[in-house]
Amino acid sequence: MTDLLVRLFVKDYKNTENPKVRTRYGLMASVVGICCNVLLFLAKLLTGMMLNSISVMADAFNNLSDAASSVVSFVGVKMAEKPADADHPFGHGRIEYIAAFVVAFLVIQVGFSLFKTSVGKIFRPEELSFSLVSVGILALTVLVKLWMAAFNRGLGKRIQSTVMMAAAADSMGDVCATTATIASIAAFGIWRVNLDGIVGLIVSVLVMAAGVNIARDTLAPLIGEGISPEMYREISDFVESYDGIIGSHDLIVHNYGPGRSMASIHAEVPDDVDIEASHGIVDRIERDAAKKLGVFLVIHMDPVDLDNPLAASLKQAAEEIIGQLDSRLTLHDFRIVEGYDRVNVIFDLVVPREYTKQMQDALKKQICRKLQKKDPRCYCLITTECSFQMERPAARTDKRNKNDGSMQ
């Protein structure tokens, strides 16, 4: 069914990197959501009135809020398509995140209203009715919501849409809520036990929890989140695949909406290669990254001395030391400045975020002492920093390993 709808309403549906194609996906999903949720609202409202059930009517108005959410999503996706302008040079893609946050607010508001109504029904319960036809209607709505969850999740993964993934999560919350409502009606029909207010309360809490989860997932890219290990590896490996690049570090990615990313990275180049040649390579990588990765990439060049045996020896010693102290530590920008009676050892040390300032200072002193035991002339100048990725990526083979036998 999903593939049929995609083929019918999304032109060039395989080209999901195209903003216009993404917009068509979003508009189609919004229209489907509006239609399905309005029909579910009407079916559940009539059923709730027939049964005199607050939990069923609460579930109905939850679907009405979902329809309103789909309208917001429709507007958000359409506005996010707007191209860059003088005031917004990176486009308007983040409007999609804002739309998802508005959806979350609407869901929480509906859940809170249902919560208050259900509390009243617990203290002032009303007589219920039981009908197998009504239960059957509710069971069909569960199946519809299951399909909608799979529909939105599939499209969300296909085009990397936060709004659609939020809609999928909300649909699964509706499945749980309606299932609980059916259980309460069945309990009344079998044992004449009125759990309507209690189930309505449970439904309202599930609705609010779904809204909070949507808000949390939506706020993350708006506030700014770390780079996923997959993206870290993809961009780093892409940069390091070019001849003339011997390593990379300090990758930072800024997200301006789905499919709209800007990144900066430090690329290490041999210091004995003509600077214009290295600059030409960097320019080519930046152009290729825009075409192949869809990322606006800015590259800073770091010259690296590959022919100094003392630098290679001290670098290997430093890497062995930090590996023994904490396997999560890494270093980059390693260089030495040799004087008459001492050697300045200079590098950046990447530490986990839980390291406090005091821990970092103690760590630097410990590394310096251990290096001085290997060579008393060493004087360390270490700059500590934290990575911008969500978690440490899997170890990758560094090109320098092939050249000087040192570790990454």
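How many Å² does the accessible surface of the chain come to, and what percentage belongs to carbon and sulfur atoms? The accessible surface is about 20700 Å², and 61% of it belongs to carbon and sulfur atoms; such areas come from the Shrake-Rupley method with a 1.4 Å probe, and for residues only the protein chains shown count as cover.

This is a predicted model, in which local features need pLDDT of at least 70 and side-chain atom pairs count only at pLDDT 80 or more, while totals for chains, interfaces and linings use all residues. Residues are numbered from 1 along each chain as its sequence is written, and side-chain values use heavy atoms, with hydrogens and water left out.

**View 1. The whole chain.** The chain has twelve helices and six strands (DSSP runs numbered from the N terminus, helices being H or I of at least four residues and strands E of at least two). Its radius of gyration is 29 Å, well over the 22 Å that the globule rule gives for 408 residues, so the chain is more spread out than a compact globule. That radius is taken over C-alpha atoms, and the rule is 2.2 Å times the number of residues to the power 0.38. Along the principal axes, the C-alpha trace spans about 95 × 45 × 35 Å. Of the 408 residues, 46% count as buried (under 20% relative accessible area; exposed is over 50% and partly exposed is in between, with a 1.4 Å probe and protein chains only). Among contacts (heavy atoms within 4.5 Å) with a separation of 6 or more, 68% are between residues 24 or more positions apart.

**View 2. The largest nonpolar core.** This core has 24 residues, of which V345, L349 and I367 touch the most other members. A nonpolar core is a set of buried Ala, Val, Leu, Ile, Met, Phe, Trp, Tyr and Cys residues joined through side-chain atoms within 4.5 Å. Two or more residues each come from α10 (309-325), β4 (330-338), β5 (343-350), α11 (357-374) and β6 (378-385). The largest share, seven residues, is given by α10. Leaving out residues up to four places away in sequence, V345 touches L314, F334, R335, I336, L371, C378, Y379, C380 and L381. A second, separate core of 20 residues includes Y242, A267, I281 and I285.

**View 3. I346 in strand β5.** I346 has its place in strand β5 and is buried, with a relative accessible area of 14%. Beyond residues up to four places away in sequence, I346 touches D333, F334, R335, V337 and L381.

View 4. N52 is not a glycine, yet has a positive phi of about 55°. N52 lies in the loop between α2 (19-51) and α3 (54-80) and is partly exposed, at 32% relative accessible area. D250, also not a glycine, has a positive phi of about 55°. D250 is found in strand β1 (residues 247-255) and is partly exposed, at 22%.

**View 5. M262 in strand β2.** M262 is found in strand β2 (residues 261-270) and is partly exposed, with a relative accessible area of 21%. Its contacts, not counting residues up to four places away in sequence, are F90, I252, V253, H254, Y256, V295, F296 and V298. M262 and G294 are 32 residues apart in sequence and 9.0 Å apart in space, C-alpha to C-alpha.
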